[in-house]
Amino acid sequence: MKREKKNLQSRQRIFEGALKEFSAKSYAEASLNNICNDNDISKGIIYHHFKDKDELYLLCVKECFDALTAYLSDAIKTLNEAVEEHLRGYFDARLRFFSENPLYLNLFCNAIINPPVHLLNAISEIKSDFDTLNISVLTALLERVSLRPGVTVSEVVEDFRTYQDFFNARYLSIQQGCSAESILHDHEERCHRQLKMLLYGVIGCEK
């Protein structure tokens, strides 16, 4: 076997082991020792191909967000044009992606809700295309409706992003001990509800 092909196979084996490890545990709980023991890989081989745990973790996070962004980019092409149905379809597509790709679920939850502090900048860069897609979906919806006087699309988008940062941090503190599946499902439902409030407000007809 040619050395280049052998190296590629070795890297792929390490990556698959890392993906299983980070899909089952948080960054803090996961370890290179577990990856080695569970996949019969020597630590020397890991360090031959990867710098450290951080590099492996970020590679897995990138794989997750790249796959999710590509999936959603295709999904939005077929969504109903009606604002609320489009919105519901988008969040349903996100949930469907994780149902079809369960190994990415815990990675996504941790990267969004509980990222390693020292990797915040790197994760932010990795998920920038995903963030851009979310902004474009929200912007497209807002541009199809009439906003109140003095309110701009960019202001609404920025306010929602700021609120999301607070929501993610607050949400983590009340979800300790829950499964990744229930966390994600509830998180997506709450995000959808927030967007509905953002688009339509909370006050109906006066009594």
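Helix H5 has 18 residues and spans 26 Å from its first C-alpha to its last, close to the 26 Å expected at 1.5 Å a residue (the expected span being 1.5 Å times one less than the number of residues). The model is predicted: local features need pLDDT of at least 70, side-chain atom pairs count only at pLDDT 80 or more, and totals for chains, interfaces and linings use all residues. Residues are numbered from 1 along each chain as its sequence is written, and side-chain values use heavy atoms, with hydrogens and water left out. Helices are DSSP runs (H or I, at least four residues), numbered from the N terminus.

**Packing of H5 and H8**

- Two packed helices are described by the angle between their axes and the distance between the axes.
- The axes of H5 (residues 83-100) and H8 (residues 128-142) come within 10 Å and cross at roughly 160°; axes are lines fitted to C-alpha atoms over the stretch in contact, and angles run from 0 to 180 degrees between N-to-C directions.
- H5 is therefore roughly antiparallel to H8 (angles over 145 degrees).
- The crossing of H5 and H8 is left-handed, meaning that the near helix is turned anticlockwise from the far one by less than a right angle.
- From H5, Val83, His86, Leu87, Tyr90 and Arg94 meet Phe130, Leu133, Asn134, Val137 and Leu141 of H8; contact means heavy atoms within 4.5 Å.
- By class, this contact of H5 with H8 has 7 nonpolar, 2 polar and 1 charged residues (Ala, Val, Leu, Ile, Met, Phe, Trp, Tyr, Cys and Pro count as nonpolar, Asp, Glu, Lys and Arg as charged, and the others, Gly among them, as polar).

**Buried residues of H5**

- The buried residues of H5 include Val83, His86, Leu87, Tyr90, Arg94 and Phe97; buried means under 20% relative accessible area with a 1.4 Å probe, protein chains only.
- Phe97, in H5, has a relative accessible area of 2%.
- Not counting residues up to four places away in sequence, Phe97 touches Cys64, Ala67, Leu68, Tyr71 and Tyr104.
- Phe97 and Ala75 are 22 residues apart in sequence and 10.0 Å apart in space, C-alpha to C-alpha.

**Thr69 in H4**

- Thr69 sits in helix H4 (residues 53-75) and is buried at 12% relative accessible area.
- Its neighbours within four places in sequence aside, Thr69 is in contact with Asp129, Phe130 and Leu133.

**Leu107 in H6**

- Leu107 belongs to helix H6 (residues 105-113) and is buried at 2% relative accessibility.
- Leu107 touches Leu19, Phe22, Tyr57, Cys60, Val61 and Cys64, not counting residues up to four places away in sequence.
- Leu107 and Cys60 are 47 residues apart along the chain, with 7.8 Å between their C-alpha atoms.

Key
Helix = DSSP H or I, 4+ residues; strand = E, 2+ residues; numbered from the N terminus. Parallel < 35°, antiparallel > 145°, perpendicular 65-115°, else oblique. Buried < 20%, exposed > 50% of the residue type's maximum accessible area, 1.4 Å probe, protein only.
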